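Biologist: I would like to learn how to read a few features of a model with you, one at a time. Could we begin once the structure is in view?

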Amino acid sequence: ILNLLPISVMEFDEKIKKLSPEKMQAIVEKLQYLINSGYVTIYEQNGIIEYRLTQSGEELREEIKKKLLSEIKLAEEFEIHPAGGVIPQIKLWYEPINEKEFVYNWNGTKGIAVIKEAKGGLHYLEIEGKRFWFNSPPLNEKELSVFNKLNPTIIYDWVNGKRKPLSTNEMWEKVYNYFKTFFDFSEEINYTMVTLTVFLSYLKHLLPATWYLLIYGEFGGGKTTLGELISLLSYHGCKIANMSISFIGRGLDRLRITPFIDEFDAVNDEELLALVRQGYRRGQKYARINKEGMKPEIFDIYTNWIISIHGMAEEALTTRAFPILVSETQDRILPIINLAKENYANTLYNELMIWWGENSVKIMEKLGNPLGEVENNSQLSKDEIFKSCTKYLTKEDVEKLTKATGRSMELGYLMLLSSRIIGIELDIQKVFETMESMMDEIRETGIIGSLRDYLVKLYKELKYNPNFR
């Protein structure tokens, strides 16, 4: 608006008529704000009415120009990834729509950018007049088909102001109810944790580490169904069918997938097991020698894994994960409606993606770097570092957190931080109790294990019967 002025009222009206009704209304409201705040005045001369900047309006325009120039200069320092992502330092979110286009939100400005090729075969996106160079070639159609797809119509409508994203609370309720509809847990806390795991797949881009989800159960207990339900909504969700280290390594590094591995205890590959164990911390790399060409390969393997398991997971995994024990449902319609879960989930995935596109920039502004005060400061004491790391948690959060020990405390911290970022209350004490009791249950075998399975079955048969409430 400031760059358009001075302009006649008639010309201004003609320009904004070309926009969508939502954008037009937003511009009119902002123009009114500028007038009320003394930045813009209405001037009449020779029968022509104009919008003109006041002195304070001129100063505001110069201030904004300087800010934008500094951001563009800063942006020159960053490359972009072909699978999309976020750059918190300049508050940029970007995501591939197809093999030719990306959608972006840079500091609140949304748009569509076309992939362009420069001399020498390098590729770039031009976003708001600034070139962002890819650090490797753009994804092709086959690569894009590996993970959940975006619906271009939904994305274009969001960019053009024709579709508003859900609020965070609305988005949480919708994902929570999705699991309520398609799955049957005996523990209510599990609905909260699988919903938080879906949100983690997006938030992990701003967190120092993640946690894993381990799904235990007998054959026919619903492990695969639950893993698929989570994967269908997760950021770049992908059910791993190819267990080769080269596919998974490249999938994590080049495609930034959120992987779901079914029946993980059937994996008998020490190299793959080592990769999974290490991927929970940001910046974690996995190096190997390619046996065919005897050349070194280095993969960025940071992600949150969803893993189903029939037996017992090794200690290295259980200490990094929230465990869920599933069993065969007594709800006879669930196997039928689960046939429709992919169609239902696709729209919800796109709603999640535009929620993330809208809110990632706001979260970046609010959050910054959770561990930012610790970086480049070697003078901080242990207590000062702890205070910096927990600054987004409440006093009650910290009190409950410090009652845990070791890895549980780290997992609890990440879960609480994620819930605070999106404004959701999480009963971390209940989470800790569930984790402990769940692992005790999973370890039970023999008579006690059989009794457990029978009681779970009985509970599910009778839980909706008023005579047994």
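This is a predicted model: local features need pLDDT of at least 70, side-chain atom pairs count only at pLDDT 80 or more; totals for chains, interfaces and linings use all residues.

Biologist: Which residues of helix α9 itself are buried?

Modeller: Helix α9 covers residues 245-255, and its buried residues are Ile245, Ile248, Gly249, Gly251, Leu252, Arg254 and Leu255. These buried residues pack against two helices, α4 (141-144) and α10 (270-278), and also against the strands β13 (258-261), β14 (285-290) and β15 (295-300).

Biologist: How is a pair of aromatic rings described?

Modeller: The description of such a pair rests on the distance of the centres and the angle of the planes. The structure holds 18 aromatic pairs. In the pair of Tyr176 and Tyr191, the ring centres are 6.0 Å apart and the planes stand at 50 degrees, so this pair is tilted. Because Tyr176 lies in helix α6 (residues 168-182) and Tyr191 in helix α7 (residues 188-203), the pair ties together parts that are 15 residues apart in sequence.

Biologist: Are Tyr176 and Tyr191 buried or exposed?

Modeller: Both Tyr176 and Tyr191 are buried. The ring of Tyr191 also has the charged end of Lys180 sitting over it, 4.6 Å from its centre, while Lys130 lies over the face of Phe132, at 5.4 Å from the ring centre.

Biologist: Which residues do ring pairs link into a cluster?

Modeller: The cluster linked by ring pairs consists of Trp172, Phe199, Tyr202, Tyr235, Trp355 and Trp356.

Biologist: Turning to the strands, what is the order in the open sheet of five strands?

Modeller: The order is β12-β13-β16-β11-β17, with parallel pairing. At the edges stand β12 (237-239) and β17 (321-326), each with a single partner strand, so one side of each is left without a neighbour in the sheet. On average, and with direction ignored, neighbouring strands of this sheet are turned by 20 degrees against each other.

Biologist: Over how many bridges do β12 and β13 pair, and which residue stands opposite Thr258?

Modeller: β12 and β13 pair in the parallel sense over three bridges, and Gly237 stands opposite Thr258, which lies in β13.

Biologist: Which strands does α7 touch where it packs on the sheet?

Modeller: Helix α7 touches β11 (212-217), β13, β16 (306-309) and β17, and its direction makes about 135 degrees with that of β17.

Terms used. Residues are numbered from 1 along each chain as its sequence is written. Side-chain values use heavy atoms; hydrogens and water are left out. Buried means under 20% relative accessible area, exposed over 50%, partly exposed in between (1.4 Å probe, protein chains only). Helices (H or I, at least four residues) and strands (E, at least two) are DSSP runs, numbered from the N terminus. Contact means heavy atoms within 4.5 Å. Rings of Phe, Tyr and Trp (its six-membered ring) pair if their centres lie within 6.5 Å; planes under 30 degrees apart count as stacked, over 60 as edge-to-face and the rest as tilted. A charge sits over a ring if NZ of Lys or CZ of Arg is within 6 Å of the ring centre and within 35 degrees of the ring normal. Two strands pair if DSSP finds at least two bridges between them. Axes are lines fitted to C-alpha atoms, for helices over the stretch in contact, and angles run from 0 to 180 degrees between N-to-C directions.
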